[in-house]
Amino acid sequence: MTTAATTTTLPAAAALLLLLLSAAAQLCSACPPAASQTAENNPRLQRAYVALQALRRRVTDDPKNLTGGWCGPDVCRYFGVYCAAAPDDPCAATVAGIDLNHGDLAATLPDELGLLTDLAVLHLNSNRFSGALPDTLPKLSLLHELDVSNNRLAGGFPDHILCLPNVKYVDLRFNNFCGEVPPAIFDKKIDALFLNDNHFDFELPANLGNSPASVIVLANIKLRGCIPSSVGRMAATLNELVVLNSGVRSCIPPEIGHLGELTVLDVSNNQLQGTLPESMAWMRSLEQLDVARNELAGHIPEGICALPRLRNFTYSYNYFCGEPERCLRLRRVDDRQNCIAGRPDQRPADQCLAFLHRPPVHCDAHGCFAPPGHY
């Protein structure tokens with residue numbers, strides 16, 4: 001009796017669920033098949049057709065013939081073009097991604113790209129795109145990933161990126177962008193930011209630590225100012241920080257020790273001075289640490305070499321005068337060209353003495369060099 005009653009009288013919640021499932025099935029059955037949607041019967045794909053044809057016309061060299069099949073209204077079949085259901089209309093197919101990575105295409109980017117308003121992924125790395133990013137970029141309000149690395153793009157920092165509300169991944173590396181980078185980029189909720197190997201020239205802003213990024217790469221550009229103490233505010237999110245060969249002239253602020261999730265820290269080939277902060281012994285996730293080719297001095301804190309995950313520690317070409325024995329037991333350590341007594345391949349004694357006779361470096365609370373009497 002109980003079984004019969006259960007099967008004939010459904011609870012209200014189950015009945016509602018069946019009603020919703022039935023409605024969803026009817027809605028889906030009313031949708032035209034995605035394969036039948038083209039630029040001839042879908043306005044979104046019509047706009048995509050205009051944008052893609054404009055891009056194709058800008059191509060001056062296509063050695064792999066990637067765009068040779070970009071003909072006709074069926075844009076979802078174009079090479080490197082990926083369609084999906086529109087986020088605001090599950091019955092409408094739309095262009096959600098473009099991936100032409102490693103295409104070796106020579107081209108410029110047309111303003112018509114702004115017609116791709118449902119685009120979530122734009123991957124154009126390792127081509128020969130030149131010119132600037134189009135002014136219509138802010139129209140791509142759903143864009144999540146922007147990768148234009150390893151091209152020939154130029155001009156100032158593309159400020160349009162600041163107007164993209166959903167972008168999480170920004171890769172501009174290996175281009176010819178130049179000038180200032182707006183501090184506001186570090187206020188955006190970006191997960192990965194690659195600005196390296198451009199001609200950027202800017203001061204590290206005080207709001208650097210506002211960034212929620214897990215990866216920040218600022219290598220091989222020109223940076224002014226100090227590593228700000230706000231860097232410690234990225235403790236919960238930052239996994240990799242690479243600031244090599246960028247001309248940074250400062251101390252390493254003690255707040256860097258707060259970066260307990262950091263696995264990679266590379267600040268090599270700069271003009272860092274002072275000592276390694278004892279607080280770096282708190283960086284329990286650190287696996288790779290490179291401070292080579294700076295003007296750091298003093299003793300290596302033993303706590304750094306005791307970090308449980310540290311495997312690679314490079315501090316060559318500095319002026320360190322002492323290192324704990326346990327540092328030499330790390331899987332990979334490079335202590336060459338320092339002033340460490342009893343170790344091979346160190347600096348000549350006269351270089352070490354000359355360095356010791358320099359006026360001592362004092363750092364203020366912000367990691368900058370402090371004038372005498374101001375520290």
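Colleague: What is the mean pLDDT of the protein, and over which residues is the pLDDT below 50?

Modeller: The mean pLDDT is 91, and 89% of the residues reach 70 or more. Where pLDDT is low, the predicted coordinates should not be read in detail.

Colleague: How many helices and strands does the protein have?

Modeller: Of the 375 residues, 48% count as buried. Among contacts between residues at least 6 apart in sequence, 46% join residues at least 24 apart. The secondary structure consists of five helices and 21 strands.

Colleague: How much accessible surface does the protein have, and what share belongs to carbon and sulfur atoms?

Modeller: The accessible surface comes to about 17,900 Å². The share that belongs to carbon and sulfur atoms is 55%.

Colleague: Which elements each supply at least two residues of the lining of the largest pocket?

Modeller: The largest pocket has a volume of about 210 Å³. Its lining includes Gln273 and Gly274, Glu295 and Ala297, and Phe355 and Leu356. Arg358, Pro359, Pro360, Val361 and Cys363 are also among the lining residues. The elements with at least two lining residues each are β16 (273-274), β18 (295-299) and α5 (349-356).

Colleague: How many residues of each class are in that lining?

Modeller: Glu295 and Arg358 are among the residues that line the pocket, and both residue types count as charged. Gln273, Gly274 and Thr275 also line it, and these types count as polar. By class, the lining has seven nonpolar, three polar and two charged residues.

Colleague: Why does Val217 count as buried?

Modeller: Val217 sits in strand β12 (residues 215-217). Leaving aside neighbours within four places in sequence, Val217 is in contact with Leu193, Phe194, Leu195, Asn196 and Val242. Val217 counts as buried because the cut-off is under 20% and its relative accessible area is 11%.

Colleague: Is Pro134 buried or exposed?

Modeller: Pro134 belongs to the loop between β5 (128-131) and β6 (145-147). Not counting residues up to four places away in sequence, Pro134 touches Leu109, Pro110, Asp111, Leu113 and His160. The C-alpha of Pro110, 24 residues away along the chain, is separated from that of Pro134 by 6.3 Å. At 5% relative accessibility, Pro134 is buried.

Colleague: How far apart in space are Pro277 and Pro254, C-alpha to C-alpha?

Modeller: Pro277 is in the loop between β16 and β17 (288-290), and it is buried at a relative accessible area of 10%. Residues up to four places away in sequence aside, Pro277 touches Ile252, Pro253, Pro254, Pro301 and Ile304. Pro277 and Pro254 are 23 residues apart in sequence, and their C-alpha distance is 5.4 Å.

Colleague: What is the phi of Gln337?

Modeller: Gln337 lies in the loop between β21 (332-334) and α5. It counts as buried, at 15% relative accessibility. Gln337 is not a glycine, yet its phi is positive, at about 55°.

Colleague: Where is His102 found, and what is its phi?

Modeller: His102 is in the loop between β2 (89-99) and β3 (106-108). His102 is not a glycine either, and its phi is positive, at about 60°.

Technical notes: Residues numbered from 1 in each chain as written. Predicted model: local features only at pLDDT ≥ 70, side-chain atom pairs only at ≥ 80, totals over all residues. Heavy atoms only, no water. Helix = DSSP H or I, 4+ residues; strand = E, 2+ residues; numbered from the N terminus. Buried < 20%, exposed > 50% of the residue type's maximum accessible area, 1.4 Å probe, protein only. Contact = heavy atoms within 4.5 Å. Areas by Shrake-Rupley, 256 points an atom, 1.4 Å probe, with all protein chains shown as cover. 1 Å grid on protein atoms, 1.4 Å probe; cavity = no way out; pocket = protein on both sides within 12 Å on 5 of 7 lines; lining within 4 Å. Points joined across faces, edges and corners; volume = space filled by probe spheres on them. pLDDT = per-residue confidence, 0-100.
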